[in-house]
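Here's a friendly walk through one protein model. Keep the sequence and the 3D view open while you read, and look up each residue as it comes along.

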Amino acid sequence: MDWDDLRIFLAVARAESLSGAGRRLNMDASTVGRRIARLEQAVGAALFAKTPQGYALTAEGARLVAPAESAEQAAIAAAEATRREAGLTGQLRIGAPDGCANYLLPQIARDLCQQHSGLEIQIVALPRVVNLTKREADMAVAVSPPDTGRLVVQRLTDYRLHLAAHEDYLKQRPPINGLPDLSGHRMISYIPDMIFDRELDYLSETGVESAAITSNSVSVQMQAIRAGAGLGIVHDFAIPFAPGVRRILPDRIALKRTFWLIRHADDRASRRLTLLAEILAQAIRVEVARLEAQVSASEHRLA
């Protein structure tokens with residue numbers, strides 16, 4: 001059985017479509033289909049059933065996943081054994097909620113690529129939990145630790161969020177001296193039925209029942225706040241990227257959340273991915289601390 005056919009099999013199993021697998025493999029869908037047909041002929045059984053939702057594994061296909069993943073890990077280990085020790089190379093795909101993806105990972109990726117010129121970093125910003133089982137990413141940052149799946153979970157760092165608004169908005173609206181004053185202001189928040197993690201349900205902690213402007217994207221919410229559209233809960237580490245946005249009632253409304261780094265359990269055998277996970281974890285801790293310190297220092301100067 002050809003390992004390359006197994007590689008394509010895993011891509012289809014994870015993407016649940018020929019076209020999706022083709023995009024990941026830089027291969028056209030028709031070629032992917034021919035390779036799957038060749039593998040099915042070799043094993044003497046259908047591995048996928050075509051459904052309205054895509055390509056679903058048959059019972060025989062499901063039995064092939066574990067051996068194929070073992071072959072994948074062996075291939076990765078073999079590649080690492082022959083890779084030069086001079087630096088980290090190859091592709092690293094990181095999945096993250098868009099707050100982390102927009103305000104932390106770009107500068108972290110910049111530094112990593114400067115230190116390791118052969119490294120290619122892909123940042124997948126998704127308003128949902130990244131599926132590592134389907135190999136949507138090599139590792140993922142999450143706001144809640146998963147409770148199912150063959151995953152390795154590592155606590156990264158706490159981060160803080162506060163109510164904030166642009167100074168132009170505050171100049172035009174009634175003053176905010178306490179929580180009761182919030183009722184006279186427009187709120188910006190998540191679309192309620194698109195909150196994919198309970199840790200993102202910030203609005204309930206302000207005492208306000210509904211928001212006038214909502215989005216499933218943290219960056220869209222921040223842009224609305226920067227435009228003077230209203231008040232919203234923002235990450236402290238995002239504030240340095242939004243001139244004119246400042247915290248409101250920081251002693252009354254202060255939220256704390258935690259980032260977690262998640263990897264597939266099989267990847268523990270990869271020395272390269274383990275090293276990259278350690279580097280990424282430390283870089284996120286340092287960057288959160290650096291940006292939050294900027295916010296505190298800026299407020300101290302204005303006081």
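**Ground rules**

Before you dig in, know that this is a predicted model: local features need pLDDT of at least 70, side-chain atom pairs count only at pLDDT 80 or more, and totals for chains, interfaces and linings use all residues. Residues are numbered from 1 along each chain as its sequence is written, and side-chain values use heavy atoms, with hydrogens and water left out.

**The whole protein**

Zoom out to begin with. Along the principal axes, the C-alpha atoms fill a box of roughly 75 × 50 × 30 Å. The protein has nine helices and eleven strands. Both are DSSP runs, numbered from the N terminus: helices are H or I with at least four residues, strands are E with at least two.

How much of the protein is buried? The figure is 47% of its 303 residues. Here, buried means under 20% relative accessible area, exposed means over 50%, and partly exposed is in between (1.4 Å probe, protein chains only).

Now for contacts, meaning heavy atoms within 4.5 Å. Take those between residues at least 6 apart in sequence: 75% of them join residues at least 24 apart.

**Rings that pair up**

Searching the whole structure turns up seven aromatic pairs. Rings of Phe, Tyr and Trp (its six-membered ring) pair if their centres lie within 6.5 Å; planes under 30 degrees apart count as stacked, over 60 as edge-to-face and the rest as tilted.

Elsewhere, F9, F48 and Y55 make up one aromatic cluster.

**A look at helix α8**

Next, find helix α8, residues 218-226. Its buried residues are V218, S219, Q221, M222, A224 and I225. What do they pack against? Their partners are α5 (98-103), β6, β7 (187-189), β9 (231-235) and β10. After α8 comes G228, which has a positive phi near 80 degrees.

**Charged pairs**

The protein carries 36 positive and 35 negative side chains, and the centres of the two sets lie 2 Å apart. Lys and Arg count as positive and Asp and Glu as negative, while His and the chain ends are not counted. The place of a charge is taken as NZ of Lys, CZ of Arg, CG of Asp or CD of Glu.

Side chains of opposite charge can pair when their charged atoms come close. A salt bridge is a side-chain nitrogen of Lys or Arg within 4 Å of a carboxyl oxygen of Asp or Glu, and the count comes to 14 salt bridges. Here are some of them:

| Salt bridge | N to O distance |
|---|---|
| D4 and R7 | 2.8 Å |
| R150 and D266 | 2.9 Å |
| R290 and E287 | 2.6 Å |

R150 lies in the loop between β5 (139-142) and β6, and D266 in the loop between β11 and α9 (271-302), so this pair ties together parts 116 residues apart in sequence. D266 is buried, at 18% relative accessible area.

D4 and R7 both belong to helix α1 (residues 3-15), three residues apart, about one turn of the helix. D4 is partly exposed at 23%, and R7 is partly exposed at 30%. These two also belong to a network of salt bridges linking D4, D5, R7, R35 and R38.

R290 and E287 are three residues apart in helix α9, about one helical turn. R290 is partly exposed at 38% relative accessibility, whereas E287 is buried at 8%.

**Some loop residues**

N26 has a positive phi of about 55 degrees although it is not a glycine. You'll find N26 in the loop between α2 (18-25) and α3 (29-43), and it is exposed at 74% relative accessibility.

L249 is not a glycine either, and its phi is positive, near 50 degrees. L249 sits in the loop between β10 and β11. Is L249 buried or exposed? With a relative accessible area of 13%, L249 is buried.
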